[in-house]
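Student: I would like to go through the labels attached to this structure and see what each one rests on. Can we take them in turn, value against cut-off?

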Amino acid sequence: MNEIVQIGLKRIFKNATIVVHHDLLAWAYATYTGNPAISCIIGTGSNSCLFDGEELSEVVPALGYILGDEGSGSYFGKQLLSSFLYH
């Protein structure tokens, strides 16, 4: 699927270097300060990785929407509503 997206983007952005990869890699580069660090995406489908500037290591797997949405509005809304209804 990455290649299909890459081909489509290359048709529009003819002079650009196109990289289609995991959103976690983009976030790791965006938060990288020169030292190995943990980067996280918290929301629907929360995920984390260790990034050293070259290699991305996912030690804990992402569990997707159903099991891994601990940072989403849906998760917190469900917690709040459950607490209210259970008194």
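Student: Why does Y32 count as partly exposed?

Tutor: First, note that the model is predicted. Y32 has 31% relative accessibility. Buried means under 20% and exposed over 50%, so Y32 falls in between and counts as partly exposed.

Student: What makes F51 buried?

Tutor: F51 has 1% relative accessibility. The cut-off for buried is under 20%, so F51 counts as buried. F51 is also on the covered face of strand β2 (residues 47-51), together with N47 and C49. The uncovered face of β2 has S48 and L50.

Student: How many aromatic pairs does the structure hold?

Tutor: The structure holds 3 aromatic pairs. One of them joins Y32 and F51, with ring centres 5.5 Å apart and planes at 80 degrees.

Student: Why is the pair of Y32 and F51 called edge-to-face?

Tutor: Rings pair if their centres lie within 6.5 Å, and planes over 60 degrees apart count as edge-to-face. The centres of Y32 and F51 are 5.5 Å apart and the planes are at 80 degrees, so both conditions hold and the pair is edge-to-face.

Student: Which parts does that pair tie together?

Tutor: Y32 lies in the loop between α2 and β1, and F51 in strand β2, so the pair ties together parts that are 19 residues apart in sequence.

Student: What makes the pair of Y75 and F76 edge-to-face?

Tutor: The ring centres of Y75 and F76 are 5.4 Å apart and their planes are at 80 degrees, so this pair is edge-to-face. Y75 counts as partly exposed because its relative accessibility is 25%.

Student: How do you know that β2 pairs with strand β1 (residues 37-41) and with strand β3 (residues 56-57)?

Tutor: Pairing needs at least two bridges. Between β1 and β2 there are 5 bridges, and between β2 and β3 there are 2, so both meet the cut-off. Each pairing is antiparallel. S39 stands opposite C49 in β2, F51 stands opposite L56 in β3, and L50 has S57 as its bridge partner in β3.

Student: What is the order of the strands, and which are at the edge?

Tutor: The 3 strands form an open sheet in the order β1-β2-β3. The edge strands are β1 and β3, as each pairs on one side only.

Student: What lies between β2 and β3 in the hairpin?

Tutor: There are 4 residues between the two strands, and G53 in the turn has a positive phi of about 100 degrees.

Conventions
Residues are numbered from 1 along each chain as its sequence is written. This is a predicted model: local features need pLDDT of at least 70, side-chain atom pairs count only at pLDDT 80 or more; totals for chains, interfaces and linings use all residues. Side-chain values use heavy atoms; hydrogens and water are left out. Buried means under 20% relative accessible area, exposed over 50%, partly exposed in between (1.4 Å probe, protein chains only). Rings of Phe, Tyr and Trp (its six-membered ring) pair if their centres lie within 6.5 Å; planes under 30 degrees apart count as stacked, over 60 as edge-to-face and the rest as tilted.
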